[in-house]
Amino acid sequence: MEFAFPIPDHLPRAAQPRQADISTSILTALSEASPINLAQTNDWVQQLNEAINQTELAIHNRIHQDLEAFERQTDTSRSIQRRFNALTSNIGRLHTELEDAETGSIPRITQALREHFDVAQRALDSTTTSTSLQYLQKCKQTHGNVVKLTTAGELPAAVLASTELQALVEACPSPLRESLVVLDLQHVARSSRDNVLEQLSGVYHSCLLLKNSKLSIQHRYKRLSLSDILASIPSQTLVTDLATLRKDIITQFIRPALSIDAPSIFASSTILELQPSRSSSPFKSVLEVFSFLREQLVPHLPELHRKSFVTSFYPPLCDAVEAHLLNAMPRGIDGLPTYLDLVLEAINLEVKIVEMGFFGGMERRIHQWGVQVQSHYEKRRRTQLLEEVRTIILSDSNPLVRIEIETPSVVQEETHPAQEANGSNAEDEEGNWDFDDDDSSAQEPSENISKQEDNREEDTETAEGDGWGFDDDDVPTPAEGKDSKGEGHDPWGVEWDDMPVEKTEPSSRDTAAEKRMDPSSSHPQSAHTPNSAPNVTKRFEQESYFVSHVATAVSSITKQILEEGLRLSGSSVFKERGFTASHPAILLSTAPSALDLFRGLYPTGRLSGNSESLAPRLQYSNDCKYLAEVSEKLRATYTNIHQSDADALNVRFEEVTQRLEMTNVSWLEDTMDEEAQALLSRLAEIGGFDDLGHNSRYEEAHGKIRQIKNRITIFSQELKSSLAISIYNQNLGMLIDRVLDRVLQDVFALDDISEIVSERIATICRTLHPLEALFPEIENVSTVASYASLWLKFTYLSDILEGSLADISSWFDSGLLIDYEPQELCRLVRALFADTPHRAAFISRILNH
């Protein structure tokens, strides 16, 4: 059979079918035959015989096919059989010769080896025992020598013997290491060595006795010299003892000698003692200590430890000298000559110490410190001065100081042609906001209603309580407050008998801001009097505000710092004594740093517990304003004196000034914003002016507006007692503007206003009219409109709400409603009046105006 591909050789082939042998077929037939007869038996026997004959024939044929090979293989097999029989016989005889119990070689050799091992073991045991006994005898003799030397007081030799004994015990033979005698011997050796070292330590402390600031050095102890004693002490122990001695000398002699009391040091041949009498020169006393050590102790030290002990004094000595120089540093320039002489003494001390050998390091520290003595002085003074400023800031002093300043103001004197022609009517026209109108009903649109509302307010105030505890009857007007409290009263509880006053001149930085805050720069009537002819004059007005005593103290010390820096800059005290002199930038920069420290530390140290009180925050704002002015003046002073060196400090002063001004403005703005948010939140509780036709809604809205007015009045008193009048007017005006703007927006949001609602809204709005008394008057005219830009617009709202369409039209034609946007006025007209041709015509006229 052929396949499409060749079959791999490694695959198994199918087995050839095997033909069953004759015996199997006969047995099968025998098992199947039943019954068995003779013929079958003969047949089977014949088959077996034929099969046997065929097999014999096949064997005979196979042999005769290669008879020569068959005979050769037959001879080989017989030869192998003979040799195998001979080998078996030889192995038997050899086994008998080797393994026989009596005559065999192996049993005889084993017996001989066993006897030899026993002899060698006995010999080794004897040798080990002998060696161990000899070693123990040597240890015993050494220990006896240690005891003998210790008893005789020969401690240096005893130390060597104990060291030898310790080495012997540690190097004992291995058979003895776990023995009890060696363990006992280790304990005895350790005890002996410790006993010797203890006695040697006692001798050391007897020779070098330091107690109660008195050092005694004995060069001999009985028959022992100090050099031998120090050489006998173990190296590590001696290093520790010398380090302890060095620390005690630094603590008990050098540091006390460089302290404020500066006791003197007495040195004799063997004694160094600190005496209570004051030394004329602390560095001379220190030099006595090192001279004593060099003569009495250093020569007896072992060579191995001498250099390390001597050089170890230099770092702590430099630390003590530098600490002494820092503590002795003067608190002013006047003490610098004496102090620089002291620095020169310290440098001379270092030179002598180095000559004695007590020097370790790459450079001379005290000399390098002296080279930079001006820098160290300035840094030390900076630390002292800033700590003094910190103490002032955190002190409990709370008195206030009045600061008077001059602010430029512009006064406009207006001349009205109508007043010149009709002088008799000028007073009436001024009382009517200077609005000229021939219609008497338009000139006084709310005269009768005001009287009715005054009576209605009294009834409402009696019936309704004040949710904030403010009551109209309890809130004095500014005029009443002056009469009842007097001019020297401070709302923060400070009564002045003689008010401290500090006058300051206006700085160039404040001029622009004060012009913006000047009330006369925009007269309230000028916008509504087109025929006025103002006469402008410029003058300076006196204003005052309060600052804390802390701020004035910080200002004073800042001026002192700058003066000290300028004195140091012009002094030659450093050059005269050979020191390097430079521009005192560190000391001069301390002046603005003191102001910066106040700005950063005062709120955390003084205001952290008064976060809800307005007075401390307003006071801090005033302090920052005052210190900003001080910073600007100090900058100008320094710039005028040092034109060429003023750049760095000038920038620093400008940064501090800007930060203080920013802090002043931000704290004031935050305080005003917080108060404004409180007022607007109270106003938001009204929920607009809807449904004021209901008495309950009207009484609720009216009461809350009165509370707002009372709160503004009380808050204005706090502002007025803290701020300068110009800043007070500006900030109070902005606060009132935010309230008025919200009221106006609520009114403008109404789509339909009935007659009763309009009257009640007008009454509510007139509740805020007394706020104009919080502002100063010029020629009996309030300046409220100069600071509250919505005031005129708000005051006309009540007249518009109660006026007729003809009145409003007349006011519009006269230009009295110029503050209203056309859309706002149209919205009010639509909400107040029904849709008639007159209303439509008026609205069209407004839009086309």
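Student: Which residues does Threonine 558 touch, not counting residues up to four places away in sequence?

Tutor: Threonine 558 touches Ala591, Ala594, Leu595 and Leu634, where contact means heavy atoms within 4.5 Å. This is a predicted model, in which local features need pLDDT of at least 70, side-chain atom pairs count only at pLDDT 80 or more, and totals for chains, interfaces and linings use all residues. Residues are numbered from 1 along each chain as its sequence is written, and side-chain values use heavy atoms, leaving out hydrogens and water.

Student: Why is Threonine 558 called buried?

Tutor: Buried means under 20% relative accessible area (exposed is over 50%, partly exposed in between, with a 1.4 Å probe and protein chains only). Threonine 558 has 0%, so it counts as buried. This residue lies in helix H21 (residues 549–570); helices are DSSP runs of H or I with at least four residues, numbered from the N terminus.

Student: What makes H32 roughly antiparallel to H33?

Tutor: The axes of H32 (residues 822–832) and H33 (residues 837–847) cross at roughly 170° and come within 9 Å. Angles over 145 degrees count as roughly antiparallel, on a scale from 0 to 180 degrees between N-to-C directions, with axes fitted to C-alpha atoms over the stretch in contact. Therefore H32 is roughly antiparallel to H33. Among the residues making the contact are Leu825 and Val829 of H32 and Phe842 and Ile846 of H33.

Student: What makes H9 mostly covered?

Tutor: In H9, 11 of its 15 residues are buried, including Phe283, Leu287 and Phe290. What covers these buried residues includes helix H8 (235–257) and helix H12 (336–356).

Terms used:
Helix = DSSP H or I, 4+ residues; strand = E, 2+ residues; numbered from the N terminus. Parallel < 35°, antiparallel > 145°, perpendicular 65-115°, else oblique.
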